[in-house]
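Let's walk through this model together, from a single residue out to the whole chain. Keep the viewer open as you read.

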Amino acid sequence: MNLKYSVGLDVSSKKIDACISVIDQRQRVIVKSSKKILNTKKGFEDLIVWILKHQKDSIPVVICMEATGIYHENCAYFLHEKGFTVSIILPNKAKKYLDCLGLKSKNDSIDAKGLSQMGAEQCLQAWEPMGVFFYELRLLTRQRQNLTELKTIIKNQLDALSHAMHQLASVTAQLKENISLFESQIKELDKAILGHIASNKEVLEKVENICTIKGLGILTTSVILAETNGFTLFNNYKQVVSYAGFDVVEAQSGTRVGKTKISKRGNSRIRRALYMPSLVVIQCEVQQFKDLYDRTYKKHGIKMKSYVAVQKKLLTMIYYLWNKNEAYDPNYKVKFQEEEQELYSLFAFEKGIKSSPNKIEATQGKLPVNDHSVFPLC
């Protein structure tokens, strides 16, 4: 008797390799069929017809695909809207699973077959689409980060060129023009991000409460919310910590005791966004974070390790204030673990909330908002 059908999809920009398998009561996974379709709406419709053709006796079907940038999104949204259970696997997790199968070759059809087997054997977390509000916010914040990185590259080139034996005025002028262009575009994105936050009254109120932490600004908060879909489907702060890669991992076997460090297996954009605020809250001597920094620094004497502890504390505090919709109270003690964490898996996202017009007045600590350089996004 068959228990479950599993469809593995290896998605690329133009085509999708599909494989459908079935698992029976003896835990045997049997491949039923393979197919190649176009990564278009017409291809998605052909995929559904092909799946229904092989589905028998109303046995449930799960779809398993690997996250491939943005190329998988249209297919995932289409299948989800049609009522299919979709699971999106991180590339490193899919790769390690395929390695454990002992496969010596690698191509798109083999990957699709491996994903199909993975979906059949395991009970994978169901994926939920990201809300439109936070999806658009993520586009804005990620574009700002991209421009900031490009600006840094051009500035480094200009600085290196200033020390060259021979210089060309036309090249120097082009580099300066590029820097000026990036700066103007970053300022436009700053206004767009603030306007997007202001368009939703509920989000605006929560963001203003979070920004009562001295040294934490709206742009940094926007990055956190955009990358977590407003903390939807996170049941506790440990899952948020794990998603950001701040969870602690050990390296111990027998008598050997290795170093304990954060996993960094998570959203690096969150860790990047929290770096500058962790420095500012210490400089501003915000009591809870300053006490944590002093206590951990006294323990091991490594500044960066203490700053990481502060970053993790900031993230958990943002999560707490967002859920409670309360302003920051420096005298209130939230019982968060600040050192040892257990590893929790990534949870999927839910839909965001609809936007509504409003106005906003942004501050970053005590600095003016019109200077983009003061926002802690580097």
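Helices (H or I, at least four residues) and strands (E, at least two) are taken here as DSSP runs, numbered from the N terminus. Residue numbers start from 1 along each chain as its sequence is written, and side-chain values use heavy atoms, with hydrogens and water left out. Please keep in mind that this is a predicted model, where local features need pLDDT of at least 70 and side-chain atom pairs count only at pLDDT 80 or more, while totals for chains, interfaces and linings use all residues.

Let's begin with Ser-222, which sits in helix H8 (residues 218-228). Is Ser-222 buried or exposed? Ser-222 is buried, because its relative accessible area is 1%; buried means under 20%, exposed over 50% and partly exposed in between (1.4 Å probe, protein chains only). Beyond neighbours within four places in sequence, Ser-222 is in contact (heavy atoms within 4.5 Å) with Leu-137, Thr-141, Ile-193 and Ile-197.

Next comes the largest nonpolar core, which has 50 residues. Such a core is a set of buried Ala, Val, Leu, Ile, Met, Phe, Trp, Tyr and Cys residues joined through side-chain atoms within 4.5 Å. Ile-213, Phe-231 and Phe-289 have the most contacts inside this core. Among the elements that give two or more residues to it are helix H5 (132-161), helix H6 (169-198), H8 and H11, while H12 gives the most, with 11 residues. Ile-213 touches Val-281, Phe-289, Leu-314, Met-317, Leu-321 and Tyr-328, not counting residues up to four places away in sequence. A second, separate core has 25 residues, including Val-7, Leu-47, Ala-76 and Phe-78.

Phe-289 leads us to helix H11, where the buried residues are Gln-288, Phe-289, Leu-292, Tyr-293 and Thr-296. Why do they lie on the same side of H11? They cover an arc of only 130° around the axis, the arc being that of the directions from the helix axis to the C-beta atoms. An α-helix has 3.6 residues a turn, so residues three or four places apart point the same way. The buried residues of H11 pack against helix H10 (268-283) and helix H12 (303-324). After H11 comes Gly-301, with a positive phi near 75°.

Finally, zoom out. The protein chain contains 12 helices and 9 strands, and buried residues make up 46% of its 378 residues. Among its contacts between residues at least 6 apart in sequence, 68% join residues at least 24 apart.
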